[in-house]
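Trainee: I'm new to this one, and I'd like a close look at a single part of it. Could you walk me through it slowly?

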Amino acid sequence: MKDRRTAHPRPRPRPRPRTGWDAVRPWLVRAGIAAAVGVAYFLLPLDHLGPQRPVLSWVLFALLLAVVAVLLLRQIRHVLLDRPDSRPGVVISLLIVLSVHVFSATYYALAKSPGEFSGLHTRIDALYFTVVTLATVGYGDITPHGQAARVVAILQITYSFVFLTAAATALTTRMRDMVVRRPERGGRSR
């Protein structure tokens, strides 16, 4: 009887090259889901959160961030384990879009409390502030003044450093590995 650890691993099935619709479909799916997240952000009743329901607001914020973090970590693990059946390019990019919208919704809800923000009045303002904070640009036209707004800004910066940077690094690693493997496959088949 052979020990499983010493048995030869099964060769990975070669993915077939994507052409036509197969090459376009993943991009359309990504764009569709990202658009759905954006539309949901503008349609969800965020005006009922914030000072009207502070406990619910903080619980939803923490829960959504935790779920996105766990899903990002799972995708990072798939990349590190080199799982061929995973699609981190699709999932990681969508989770990053989702995390941006979670922070935007939180900023928008916080802006309903007097004194939390200067210059943040609309959902577009909240989305803009989130992207500016994520990009570490900081124009200064929207500023957090309240303690809760500053805590969320600190959380966003920390979250971006830890989770989004790790996810982007994993995605880059996966893409680099795919590019490196492609010439190897071409050399073997000749």
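In which crossing, left-handed or right-handed, does α3 pass α4?

Mentor: α3 passes α4 in a right-handed crossing; the term applies if the near helix is turned clockwise from the far one by less than a right angle, and left-handed is used if anticlockwise. Before going on, a word on the source: this is a predicted model, where local features need pLDDT of at least 70 and side-chain atom pairs count only at pLDDT 80 or more, while totals for chains, interfaces and linings use all residues. Residues are numbered from 1 along each chain as its sequence is written, and side-chain values use heavy atoms, with hydrogens and water left out.

Helices here are DSSP runs (H or I, at least four residues), numbered from the N terminus. Two packed helices are described by the angle between their axes and the distance between the axes. For α3 and helix α4 (residues 123-134), the axes come within 8 Å and cross at roughly 125°. That makes α3 oblique to α4. Axes are lines fitted to C-alpha atoms over the stretch in contact, with angles from 0 to 180 degrees between N-to-C directions; under 35 degrees counts as roughly parallel, over 145 as roughly antiparallel, 65 to 115 as roughly perpendicular and the rest as oblique.

Now the side chains. From α3, V100, H101, F103, S104, Y107 and Y108 meet R123, A126, L127, F129, T130, V131 and L134 of α4, where contact means heavy atoms within 4.5 Å. By class, that contact of α3 with α4 has nine nonpolar, three polar and one charged residues (Ala, Val, Leu, Ile, Met, Phe, Trp, Tyr, Cys and Pro count as nonpolar, Asp, Glu, Lys and Arg as charged, and the others, Gly among them, as polar).

A search of the whole structure finds one cavity of 30 Å³ or more. A cavity is a set of points on a 1 Å grid over the protein atoms alone where a 1.4 Å probe fits but cannot get out, and lining residues have an atom within 4 Å of a point. The largest cavity has a volume of about 40 Å³, volume being the space filled by probe spheres set on the points. Its lining is S99, V100, F103, T130, L134, Q156, Y159, S160 and L164. The lining divides into five nonpolar, four polar and no charged residues.

Key
Helices (H or I, at least four residues) and strands (E, at least two) are DSSP runs, numbered from the N terminus. On a 1 Å grid over the protein atoms alone, a cavity is a set of points where a 1.4 Å probe fits but cannot get out, and a pocket is an open set with protein on both sides within 12 Å along at least five of seven lines; lining residues have an atom within 4 Å of a point.
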